[in-house]
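Colleague: I'd like to learn how to read helix packing off a model. Can you walk me through it?

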Amino acid sequence: GHTVLAVGRRLAPLEQTAAACHAPAHAQAARAVPCSADVSSLEGRQKIASALPDGVTVKFLVQNAAVGVPGGIGSVREEDFQAALSANVVGPLFLTQLLLPRMGQGSRILHIGTGLAHGPAAQTGAISYSVSKAAFHRLYEQLKVELAPHKICVGSARPGVVATEGMLEHVRLAREAQLPHVQWFDGLLERKEDVPVARVAAFLEFLLVKTESGEFGEKEWHVNDQTHWGRWE
């Protein structure tokens with residue numbers, strides 16, 4: 001398997017992930033190396049780059065960092081909006097720039113997107129998250145064009161609603177703010193329509209290692225699009 005540099009702000013969950021990868025049941029899986037860093041800061045991005053061994057080529061870069069405190073036009077705070085832009089747009093852009101010298105022909109960058117970025121309708125109370133993720137989606141499109149001459153493929157994937165700690169914290173804050181989309185989340189979770197983590201992992205592995213270079217970045221892939229299920233389920 002691959003060696004994965006697992007990056008996040010909190011070290012303890014990263015160490016748990018690394019331990020799970022090293023367990024006998026996953027002996028053939030990827031080896032995970034934890035790296036506690038904040039991608040929204042220059043110091044954090046430099047720490048990520050420094051954690052890579054000398055001479056190693058970055059084959060896959062998954063851009064998954066995302067924050068966004070819920071709030072509408074009457075309550076959104078400038079510091080929360082700036083934090084969302086820093087984590088969701090500025091960080092991924094300049095981490096890519098920093099790691100480009102470590103990438104080669106055939107390397108792949110995968111952006112983890114959301115329907116809120118360019119869906120048919122905006123969502124009340126999601127200004128920080130949706131606006132910053134819309135910029136993140138445009139960054140995917142921009143990088144796809146700019147890195148094509150270098151034979152570096154850039155793709156985007158929507159994993160659906162996953163009941164992560166971050167998502168559940170978002171629902172809690174939205175409930176406190178009495179935002180209407182809480183009812184949608186409650187109904188989805190009650191019907192058990194959230195996407196299991198293991199299913200998302202299988203979907204993203206398929207995109208990163210089993211798709212052809214031409215198809216990887218030709219569209220934004222969605223986990224619920226049944227046309228590709230037979231290739232990875």
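This is a predicted model: local features need pLDDT of at least 70, side-chain atom pairs count only at pLDDT 80 or more; totals for chains, interfaces and linings use all residues.

Colleague: Which hand does the crossing of helix 2 and helix 3 have?

Modeller: That one is right-handed. The axes of helix 2 (residues 42-50) and helix 3 (residues 78-99) come within 10 Å, crossing at roughly 35°.

Colleague: Which residues in helix 2 and helix 3 meet?

Modeller: On the helix 2 side you'll find Arg45, Gln46, Ile48 and Ala49, and they meet Val90, Gly91, Phe94, Leu95, Leu98 and Leu99 in helix 3. Sorted by class, that contact has 7 nonpolar, 2 polar and 1 charged residues.

Colleague: And how do helix 3 and helix 4 lie, roughly parallel or roughly antiparallel?

Modeller: Angles under 35 degrees count as roughly parallel. Here the axes of helix 3 and helix 4 (residues 127-147) cross at roughly 15° and come within 8 Å, so the two helices are roughly parallel to each other. Their crossing is right-handed. The contact of helix 3 with helix 4 divides into 14 nonpolar, 4 polar and 2 charged residues. Among them are Phe81, Leu85 and Leu93 in helix 3, and Phe136, Leu139 and Leu143 in helix 4.

Colleague: Last one: is Gly187 buried or exposed?

Modeller: Buried means under 20% relative accessible area. Gly187 has 15%, so Gly187 is buried. Its place is in helix 6 (residues 181-190). Gly187 and Glu205 are 18 residues apart in sequence, and their C-alpha atoms are 29 Å apart in space.

Key: Residues are numbered from 1 along each chain as its sequence is written. Side-chain values use heavy atoms; hydrogens and water are left out. Axes are lines fitted to C-alpha atoms, for helices over the stretch in contact, and angles run from 0 to 180 degrees between N-to-C directions. Helices (H or I, at least four residues) and strands (E, at least two) are DSSP runs, numbered from the N terminus. A crossing is left-handed if the near helix is turned anticlockwise from the far one by less than a right angle, and right-handed if clockwise. Contact means heavy atoms within 4.5 Å. Ala, Val, Leu, Ile, Met, Phe, Trp, Tyr, Cys and Pro count as nonpolar, Asp, Glu, Lys and Arg as charged, and the others, Gly among them, as polar. Angles under 35 degrees count as roughly parallel, over 145 as roughly antiparallel, 65 to 115 as roughly perpendicular and the rest as oblique. Buried means under 20% relative accessible area, exposed over 50%, partly exposed in between (1.4 Å probe, protein chains only).
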